[in-house]
Amino acid sequence: MGKMLTLLVLRLLMNLLLISWISLWIIKPTTVWIQSWRQAEDTFKHTFFGYYGLSFAVFTFPPIALSIIGLIYLSLLPQQHRLTRGGRSAAITVSRPAIISSFIGIVPCFEIVAVILFLVFLAWTFYVRVNNDLKKLMPVKTMNLDLWQLKYFRVATRFGLLAEACLSLLLFPVLRGLSMFRLLNIQFAASVKYHVWLGTGLVFFSLVHGGSTLFIWGISHNIEEEIWKWQRTGRVYVAGVISLVIGLLMWITSLPQIRRKCFETFYYTHHLYIVFLVSFLFHAGDRHFYWILPGVFLFGLDKTLRIVQSRSESRILSARLYSCKAVELVLPKDPRLNYAPSSFIFMNIPSISQFQWHPFSITSSSSVDKHTMSVMMKCEGKWTDSVYKKLEEAADSDTKINNITIRVEGPYGPVSVDFLRYDTLFLVAGGIGITPFLNILQELACQNRLKTPKSVQLVFSVRTFQDINMLVPVSPILFRPIHNLNLRIKVFVTQEKKHSNGPTTLKEYLAQSQVQTIHIGTDVDFSRFQILGHESFRRLATLVLVALLTFLGLLIGLSHFFIPNEHKKHSNSMKLAASGAMTPAKEKVPSWVPDLVIIVAYVIAMTIGGLAAIILQWRRQHRETLRMTKEEVNPQGRNFTESTPIVPMEEHRIHIGERPKFKEILSEFETSLRGLSSIGVLVCGPESMKEAVASICRQRFQCFGVDDSRTIHNKVNLNFHSLNFSL
């Protein structure tokens, strides 16, 4: 009872912080807020905390506090609630697909609402700012501009505020360990598109802001003077030009046409974000930077923690080479490391590339494989081809491979297992998109589940017969169902014809699969090389709090040391003014001094957070080494209990030379269901496949769950979920 009350209080605090931060953004451009904030500045700048402590507390603290409370909330969340969040209730109707486009992808209703609200906020901010500017329009003495030119210049300036709003949210979607999206059960692979949308908006508004400003300066014939002048106070325009050029370069190299063909170019260019943020700080100044600091702070700490985790080396225990040119790698892991189905890891193999990290779905279940973790990759790119060739050469030469070093980041995945709440599952996979479903099927076969779907339909579309081999890891489940799991499989081979003397059933194909197993790390010391995963939620909250207090203390301390003491200067000025010796005047420091204070405090805080993470990691490894010396490790997994098949093997059909007709298959599947049912539709594969299935789900229901009676014959809820196997 006490824990539930604590969870309720934490939830209320999170909602309060979120509403407060959003409200600040809404009232920020109003005259009432501007006047109130100036009064608050005058009050606090003579105190110990000063203006800098006030700005941090008001603008930066709420989102970071939300992250800390969210991590504590997740640490207290009962495990049963994590696994079956929401029970068997129907999925939230606003998550159903509303827009299906090959250009922007599949957009559910709640994303449309969020985008509309964000656009309304941008329009509101722009209108209020421009309206206030035009009311008190004052010509700039150093620029000889006509009235329309001056108005256009003010409008262009306010476009920079819209870019600032996009930048303030830009880094939240790409957080991994500290992601707040996990509170909404939104995975990292799904939230990346929000980063893409915000980045596109940032570049657009920045181009209008910067391009229009350069245009006005060109008209006034003082463009060179304005750009290259490093101002003592106010905006540093050359820094703005640098941030604009770098932001545009990062956006261009992240386009799908470039990212897919030249991933290394995209990867290395994106690391220019450090120069971009520093340039933005010098251009916009510390007053504006406090608004975007929450995302920058959490992203920097998240990056630091990921670097610390990736320092630990692991080894490959064994590998499976499939005839379809796929590779399954088996890695050692801590038996206490649990992860949800559809989780993934980022993996680096230094012998192939020191800097490249690639995401892979985990194909094994932590409920079944306690000591190992498996990932599967389809070798179609330069990096994956190198992995396949390295293992293939060793297999052909019959030489034993020792010590293939890898580094792992993660695992990352949903906090709750959403698919368990459905009565039935309709799984659609295309090619290597089968990987997250291998994990899900093993999880469904686990005996420790209180509630699981009882009926599952898997539609697997492949190009060739050899691609069917990717079902080998779950072959014990396919033909020996566990816990009365009614599993049906339809395999579609789209680009080959049936062989005259070849196998005819799925069981025969899998029995004759050409899979070569290579044992690599037979001498691997589990205590040294097992994957521990990231820190617990409670320790992550502690690390964020340590870094936060360090940054705040340094920010206030360095401000008092490097920036003139406003309290003393104010008192001395008042005394001199009272005696008639002088009139009080406000002495300003160069604008780049507070900027440097923020940078120094930030770097030291991230360093302290990283050192604390290293200490925690060392303690975990030391405790695990002591524990492993007392226990005998059996790195075997997948020990499924056999039972009498309840599904005839002819239910697992292979369709040759045709593509799946999802509407017919889904209708046939619904007919086999008795009574009302809630179907979870999970799709992982090419975008065209996702769009085809999503369009069927959209035809059943309009946005927000309004039924379309013309297309509904049976009242079956179709809840669409898209899983990504590539980022």
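1. A residue is called buried when its relative accessible area is under 20%, exposed when it is over 50%, and partly exposed in between, with a 1.4 Å probe and protein chains only. By that rule Thr-253 is buried, because its relative accessible area is 7%. The model is a predicted one, in which local features need pLDDT of at least 70 and side-chain atom pairs count only at pLDDT 80 or more, whereas totals for chains, interfaces and linings use all residues. Residues are numbered from 1 along each chain as its sequence is written, and side-chain values use heavy atoms, with hydrogens and water left out.

2. On the overall composition, the protein chain has 23 helices and 16 strands, where helices (H or I, at least four residues) and strands (E, at least two) are DSSP runs numbered from the N terminus. Of the 727 residues in the protein chain, 53% are buried. The chain exposes about 35000 Å², and carbon and sulfur atoms supply 60% of that area; accessible areas come from the Shrake-Rupley method with a 1.4 Å probe, and for residues only the protein chains shown count as cover.

3. Contacts, meaning heavy atoms within 4.5 Å, can be sorted by their separation along the sequence. Among the contacts in the protein chain with a separation of 6 or more, 81% are between residues 24 or more positions apart.

4. Returning to Thr-253, this residue is found in helix α9, which covers residues 237–253. The expected span of a helix is 1.5 Å times one less than its number of residues, so the 17 residues of α9 should span 24 Å, and its end C-alpha atoms, 25 Å apart, agree with that. The buried residues of α9 include Val-238, Leu-244, Ile-246, Met-250 and Thr-253. The side chain of Thr-253 reaches the backbone oxygen of Met-250 at 3.1 Å, which can be read against the cut-off for a polar contact: a pair of N or O atoms within 3.5 Å, where within protein one must be able to donate a hydrogen and the other to accept it, and residues adjacent in sequence count only if both atoms are side-chain atoms. Leaving out residues up to four places away in sequence, Thr-253 touches Ile-258, Arg-259, Thr-265, Phe-266 and Thr-269.

5. Apart from neighbours within four places in sequence, Thr-304 is in contact with Met-606 and Gly-610. Thr-304 and Gly-609 are 305 residues apart in sequence, but their C-alpha atoms are 7.7 Å apart in space.

6. Axes here are lines fitted to C-alpha atoms, for helices over the stretch in contact, and angles run from 0 to 180 degrees between N-to-C directions.

7. Within that sheet, all seven of the seven residues of strand β5 (residues 326–332) are buried, so the strand is largely enclosed by the rest of the structure. Both faces are covered, with Ala-326, Glu-328, Val-330 and Pro-332 on one side and Val-327, Leu-329 and Leu-331 on the other. Seven bridges join β5 to β8 in the antiparallel sense, and Ala-326 stands opposite Lys-378 in β8. Four bridges pair β5 with β4, also antiparallel, and the bridge partner of Arg-320 in β5 is Glu-328.

8. The strands β4 and β5 form a hairpin with three residues between them, and Lys-325 in the turn has a positive phi of about 65°. Strand β4 (residues 318–322) is joined to β13 by five bridges, running antiparallel, and Ser-318 has His-519 as its bridge partner in β13.

9. Another open sheet has four strands in the order β3-β9-β6-β7, with antiparallel pairing. Its edge strands are β3 (313–315) and β7 (358–361), each of which pairs on one side only, and the twist averages 45° from one strand to the next. Strand β6 (residues 344–348) pairs with β7 over four bridges, where Phe-346 has Pro-359 as its bridge partner in β7.

How values were computed
Two strands pair if DSSP finds at least two bridges between them.
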